[in-house]
Each structure stands twice: as C-alpha cells, then as structure tokens.
Amino acid sequence: MCENSLMPRFLYTLLLYGLLPFAPIKLLWRGLRRQPEYLHHWGERFGFYGGVPAQPVIWLHCVSVGETRAAAPLVLALQARYPRHRILFTHTTPTGRVTSEQLFGDKVDRVYLPYDTPGAVARFLRHFKPEIGLILETELWFNLIAACHARQIPLLLVNARMSAKSAHGYGKVARLTEQGLARLSAIAAQTEQDKQRLQSLGAQNVSICGNLKFDVEPPADADALGTALRERLGELVGRNRPVFLAASTREGEEEQILDAIRAADVPQLLTILVPRHPQRFTEVGQLLKKRGFSYLQRSRLAHVTAEEAAALNVEVILGDSMGEMFTYYAACDLAFIGGSLLPYGGQNLIEACAMGKPVLVGPHTFNFEAAAEFAIADRAAWRVRDSGELAKAMQRLLGDAEARQAMGWAAIEFSRSAGGAVQKVCDLVRRFLR
C-alpha cells in the first residue's frame, strides 16, 4: 500500500493517541457527575479482558440503547441459526450495556469496545477471535476496520443509515472514510437514500435490507404490564384520565413539552415524561418542580399511598426507570417521540406503532427519516412543527377516541408491513459464516 494511502489513518491514529491520556479524566468526570457505571470496566476500554470464550464468537457492536434494542430480533435469529456460536455484544455506553443485560441476561456476553487505537483493537481481536463482526447503524472505527480486514475477519455494517448531516461530516475526512468503507465486507443499508449516500462516500457491496427496528416484536407481557401500570395510576391519581406519553425526550425539549401540556385544553390530563438518558432523571425532576408541575416518580409508584398521591394532585409521572418503554406505550393513549422537537434527529417511533398507539413526531426526524415519512403517509403518525402544534394535536386526538383508534390500527399495519430486515441480514451473514 502506498504511503499516501496510509497517511489519513496515520493522522487519525495520531489524533487518537493525543486524546487518549484524557480518556480516564472523561470517564471519571462522567462517573462522578452523571453515571456511576462509567467508573467500571476501564480495562475493557483499553483492550484488556478476562474470561476466554469457550465457543466460536459472533460479534455485534451496538453503541447504546437504540442499536441494542434494534439488534434484539437479529440476535434471536442468529442464536437459532448458529447454536454452536456465542453472541458477543460490544457497547460504548453503560446504558447500552444495561439494555443488553435486560434483554438477554447471561444468554450473551457483553463488554465495552476498546478505544480505536491499533494496540487496543489488536488485543480485543486476539482475545475474542470473532468469526464475524456486525456493526449496527453508523459506527465507523477506522483502525478496527483495518485490523479486521488485515486478519480476514468479515466485518459487516448492518442496519446502516447515513443522514445528509452525517454524510457531510464524513465527507470532511473523505479519504479516510472511503478507505474504511471500502474495507467492509458488506453493507446492509436501510433505504435507497442511505445506500446512495454511502456509495457517494466510497462504500462498495451495498444492498438494501430495510430497518431491523421494524422487526422488533413487543414483549409478550407488554400489554399486561401496561394494563397493570394504568391500573396502578388509576388507584393513585384517579381513573379514566387521558394519558399522554412523552417518550425519549432530550435536553431542551422538556420545556417545550411542558408548554404544550399547559396550552392543551385536555381535562384531567396525565403525562408520563420519560427522558432519553437516565443521568437526566434528576435534572428533569428539578425542571418539573421549577415549572410548577406536581409529579411522582415511576420508581415510587409501588411505595406511595393513594392518600399521599391525592395530596400531590399529580400532573406528571416522571419515567425514571429502564427497560419499560413498551410498558409505557401500552399504558398511554397518545405518544410523542422525543428527540424531534429540537434537531437531535428523532428516536425510534416503530415500537410505539407496534403497540398500536397514535404517534406524534416533531420536525427533526433525520435519524429515522424514511420510517417517519412512511408512518405519516400511512396515517399512523402526525408531524408537529413546534410546541403550539403539539398542544393542538394533543387536544384534538385526546378528545377523539375514534381518531386515536384509527391511527392505532394504521400504526399496527405500518409496523407489520415493513418487516423482513432480519431475514435479509441473516442471509447476508450466511455468505461469510458457515
């Protein structure tokens, strides 16, 4: 390989080594200020692991919660198809790691993916010796890709999406991006737009497999758990109250959502507010208090009495729990999907649709562009531009049971019609794994 072709990754690696001494400081700060889990498993982040795997390894990299949940049906399919192998999850965030624990327990292994330095990556690959690797969505770690390529380990980018914003960012390091994409064994893009953007950056061997998140099946007990939650809420804060769910909200959005709640003329409205990141539970609770909203934490529902709850005159339930999103969807009458009022790119609306709930999204859904547009076209979801439109949509839908039911049926049909991505990805894996 010529010297010029090595230069982009050399500079990238040099930058990583320059930043590496600050990594423990960042982990310490996050662990002390936000999530204590960042204080654990530091060795893994530098490529040091215990426990040599006793079975051949199929490795999936899922950064955080969304990717891990999307991988769930794929993992089940791979376990059924390759029972001799062991699934290894790698994560970047503690919340992703916790999510895989909740979904699979000890049926899979999980570690943190090391920082993308050549030494750490080499230690990771030597230790686990994966027979194949699958990276979900848009994670490009250039030294990791190069190391798998050098060791002839098939590495696939699956459920791949590439927004215009991300494509512009990767385009700023075009030669590095082109080299990385070209070394991937195959890419399974979600949509034709994703495929075109990836190919414009230098990707090869790209096929369209759809979105794994469409194949997510709600847990068998989701409806029962939602009914139980709704019953408990009725006992504590009053029965027959309309329930609005603000799911996976991001920083700066809660203020707008609270404005919409105040503006909407919905008698006895009860809101379940679920921040996207658990480290923000306390912050959002403080915001509710500051804005004059009486609230009760989800974690306290089992312990508070009806008399105590009545004295609070509860307006909001703060969803300070992990792994209950399907339960929240089952318990609500109308769901707003966060990350979309401000330009965060939106969150997954497909889980709410699979539960048969009418869905509202904001103007910024570029991370789930195709899914949002299809859901709106199928009349399973409405788009609102701001808090004012959100208030009007809440008022209209929570006052019209027939409209909600029609949207709910449309949502179920929408979620069922776009499946099949798991089978396509499994077929792709079969090309590289005996």
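Predicted model: local features only at pLDDT ≥ 70, side-chain atom pairs only at ≥ 80, totals over all residues.
## Helix α12 against α18

Two packed helices are described by the angle between their axes and the distance between the axes. Helix α12 covers residues 253-263 and helix α18 covers residues 387-398. Their axes come within 8 Å and cross at roughly 45 degrees, which makes α12 oblique to α18. The crossing of α12 past α18 is right-handed.

On the α12 side, the contact is made by Gln256, Ile257, Asp259, Ala260, Ile261 and Ala263. The α18 side supplies Ser387, Leu390, Ala391, Met394 and Gln395. Sorted by class, the residues in the contact of α12 with α18 are 7 nonpolar, 3 polar and 1 charged.

## Helix α12 against α13

Helix α12 also packs with helix α13, which is made of residues 281-290. Here the angle is about 35 degrees and the axes are 11 Å apart. The crossing of α12 and α13 is right-handed.

By class, the contact of α12 with α13 has 4 nonpolar and 2 charged residues, with no polar ones.

Helix α11 runs over residues 222-237, a total of 16 residues. Just after α11 comes Gly238, with a positive phi of about 110 degrees.

The buried residues in α11 are Ala222, Gly226, Leu229, Leu233, Gly234, Leu236 and Val237. Among the elements that cover them are the strands β9 (270-275), β10 (295-297) and β11 (316-318). The helices α14 (306-312) and α15 (325-331) also belong to this cover.

## Buried single residues

Ser100 is part of helix α5, residues 94-104. Its relative accessibility is 0%, so Ser100 counts as buried. Leaving out residues up to four places away in sequence, Ser100 touches Thr68, Phe89, His91, Gly105 and Arg110. The C-alpha atoms of Ser100 and Ala71 are separated by 9.5 Å, and these two residues are 29 residues apart along the chain.

Thr117 sits in the loop between β3 (109-112) and α6 (118-128). With 5% relative accessibility, Thr117 counts as buried. Beyond its neighbours within four places in sequence, Thr117 is in contact with Leu16, Tyr17, Leu20 and Asn143. Arg404, in helix α19 (residues 401-417), is buried with a relative accessible area of 17%; the limit for buried is under 20%. Apart from neighbours within four places in sequence, the contacts of Arg404 are Asp333, Pro358, Leu397, Leu398 and Gly399. Arg404 and Val108 are 296 residues apart along the chain, and their C-alpha atoms are separated by 39 Å.

## A partly exposed loop residue

Asn205 is placed in the loop between α10 (192-200) and β7 (206-208). A relative accessible area of 39% makes Asn205 partly exposed. When residues up to four places away in sequence are not counted, Asn205 touches Ser185, Ala186, Ile187, Arg431 and Phe432. The C-alpha atoms of Asn205 and Val361 are separated by 33 Å, with the two residues 156 residues apart along the chain.

## Loop residues with positive phi

Most residues other than glycine have a negative phi. Gln152 has a positive phi near 60 degrees, and it is a residue other than glycine. Gln152 lies in the loop between α7 (142-150) and β5 (155-160). Its relative accessibility is 72%, so Gln152 counts as exposed.

Gln268, a residue other than glycine, has a positive phi near 60 degrees. The loop that holds Gln268 is between α12 and β9. Gln268 is exposed, with a relative accessible area of 55%.

Note on methods. Residues numbered from 1 in each chain as written. Heavy atoms only, no water. Axes fitted to C-alpha atoms, helices over the stretch in contact; angles between N-to-C directions. Helix = DSSP H or I, 4+ residues; strand = E, 2+ residues; numbered from the N terminus. Parallel < 35°, antiparallel > 145°, perpendicular 65-115°, else oblique. Left-handed = near helix turned anticlockwise from the far one by under 90°. Contact = heavy atoms within 4.5 Å. Nonpolar A, V, L, I, M, F, W, Y, C, P; charged D, E, K, R; others polar. Expected span 1.5 Å × (residues − 1). Buried < 20%, exposed > 50% of the residue type's maximum accessible area, 1.4 Å probe, protein only.
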